[in-house]
Amino acid sequence: MWFGEVASGGERHRSLAHCHVIVCGNEKGGSGKSTIAMHVSVALAKLGFVVATLDVDTRQKTLTRYVDYRRRWIDRSGEHLACSTHFVALEAPNGRSDAANRRAGFDEIRSAHDFVIIDTPGAYTAQSVFAHQQADTLITPLNDSFIDFDVLANIDPETFEIQDLAQYAGAVRDARRERRAGSGEIIDWVVVRNRMSPISSRNERRVHACMRELSMKLGFRLANGIGERLIFREWFQRGLTALDDVHAEAGAQRLSLSHLAARNEVRRLIEALRLPVDDQGRRRAEARRQWLSAAREPIRIPDIFAS
Ligand SMILES: Nc1ncnc2c1ncn2[C@@H]1O[C@H](COP(=O)(O)OP(=O)(O)O)[C@@H](O)[C@H]1O
Ligand SMILES: [Mg+2]
């Protein structure tokens with residue numbers, strides 16, 4: 001097996017007929033992949049779905065540590081918090097890769113959960129390529145400085161004009177092609193600006209215009225951004241998220257303003273993902289599946305050569 005279970009989310013019944021895979025990806029470290037993966041998994045577990053998290057960042061294992069801190073917090077406090085069942089990708093023995101085992105291991109996880117959320121490394125690894133090819137939804141957080149645009153495209157610093165596409169955009173294009181050729185399915189790519197400054201800069205509008213242009217060129221959707229808030233780092237160490245009703249400071253009676261603002265931003269992000277979490281989302285997913293299967297059927301034409 002390539003994916004070892006390290007923590008159980010408890011016994012629950014699945015609600016969805018088809019598992020939905022969400023991948024957090026960006027070839028740059030520190031953009032917020034693991035933070036967002038944790039928040040999305042907690043949001044879905046809180047809604048009552050059976051959720052698996054899968055850490056394929058075998059070097060940093062940030063999501064694995066996050067999940068571990070959460071378990072410890074639960075043990076210490078005795079409070080009930082929604083959790084995912086967590087898996088980590090295991091290194092191949094002698095550095096060998098085994099695509100068939102990886103496929104089988106992943107299919108096993110998929111068959112037992114409503115959602116699988118995969119956190120990927122800031123590097124181009126076989127595990128990361130595999131993960132991207134499984135995505136129904138791909139979330140790419142961008143650190144909200146202009147420097148981070150360069151994972152998607154090279155941009156003229158003076159005119160903000162897009163010069164050419166960069167490596168990560170190419171990797172996503174390849175994953176999409178692979179997916180389309182294999183199962184015929186489409187990856188919904190959502191880019192979210194993370195760690196946005198509270199003070200809007202003079203460049204803000206130009207950055208936004210540039211993002212819109214990029215979104216049309218590369219075929220991604222833009223979600224509302226998430227602000228730069230110190231509280232995210234405090235939550236990490238406690239295994240908590242903006243969605244937990246736990247007071248940031250011991251003894252505090254109310255959630256802080258920063259907590260509430262972060263929670264709203266995360267909720268807006270979840271809405272922007274358009275996941276099959278409600279009737280409307282499920283109908284959308286079903287219509288998409290039907291359309292895809294119809295698109296793969298050969299067109300029926302009357303036999304004009306019949307005698
Ligand atoms: N919106 C935010 N505000 C403040 N700090 C953040 C925010 N998002 C992430 N961080 C912090 O930035 C660091 C990198 O985030 P992380 O999720 O580990 O990124 P990645 O997985 O892309 O490497 C962590 O210390 C995390 O707590
Ligand atoms: Mg990470």
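Buried residues make up 37% of the 307 residues in the protein. A residue counts as buried if 20 or more other C-beta atoms lie within 10 Å of its own, as exposed if 12 or fewer do, and as partly exposed in between, with C-beta atoms placed from the backbone. The model is predicted: local features need pLDDT of at least 70, side-chain atom pairs count only at pLDDT 80 or more, and totals for chains, interfaces and linings use all residues. Residues are numbered from 1 along each chain as its sequence is written, while chains are lettered from A and ligands numbered from 1 in the order in which they are written.

The protein has nine helices and 10 strands. These are DSSP runs numbered from the N terminus, with helices (H or I) of at least four residues and strands (E) of at least two. The C-alpha trace spans about 85 × 55 × 45 Å along its principal axes. Of the contacts with a separation of 6 or more, 79% join residues 24 or more positions apart. Two residues are in contact if their C-beta atoms, placed from the backbone, lie within 7 Å.

Ligand 1 is surrounded by 17 residues, the closest being Gly32, Lys33, Ser34, Thr35 and Phe232. Helices α1 (33-46) and α7 (231-238) are the elements that give two or more residues to this shell. A residue belongs to the shell if its C-beta atom, placed from the backbone, lies within 6 Å of the ligand. By class, the shell has three nonpolar, nine polar and five charged residues. Ala, Val, Leu, Ile, Met, Phe, Trp, Tyr, Cys and Pro count as nonpolar, Asp, Glu, Lys and Arg as charged, and the others, Gly among them, as polar.

Helix α2 covers residues 62-77. Its 16 residues should span 22 Å at 1.5 Å a residue, and its end C-alpha atoms are 22 Å apart, which agrees. The expected span is 1.5 Å times one less than the number of residues. Leu63, Thr64, Tyr66, Val67 and Arg70 of α2 are buried. They cover an arc of only 160° around the axis, so they lie on the same side of α2. The arc is that of the directions from the helix axis to the C-beta atoms. Arg72, Asp75 and Arg76 are exposed on the other side of α2. The cover over the buried residues of α2 includes β1 (3-7), α1, β3 (51-55), β4 (85-89), β5 (115-119) and α7. Gly78 follows α2 and has a positive phi, near 75°.

Arg102, Phe106 and Ile109 are its buried residues. Their arc is only 55°, which puts them on the same side of α3. Ala100, Ala104, Asp107, Glu108 and Ser111 are exposed on the other side. The buried residues of α3 pack against β1, β3, β4, β5 and α4 (126-134).

Arg221 lies in strand β10 (residues 221-223). With 14 other C-beta atoms within 10 Å, Arg221 is partly exposed. Beyond four places in sequence, Arg221 touches Trp189, Val190 and Ser215.
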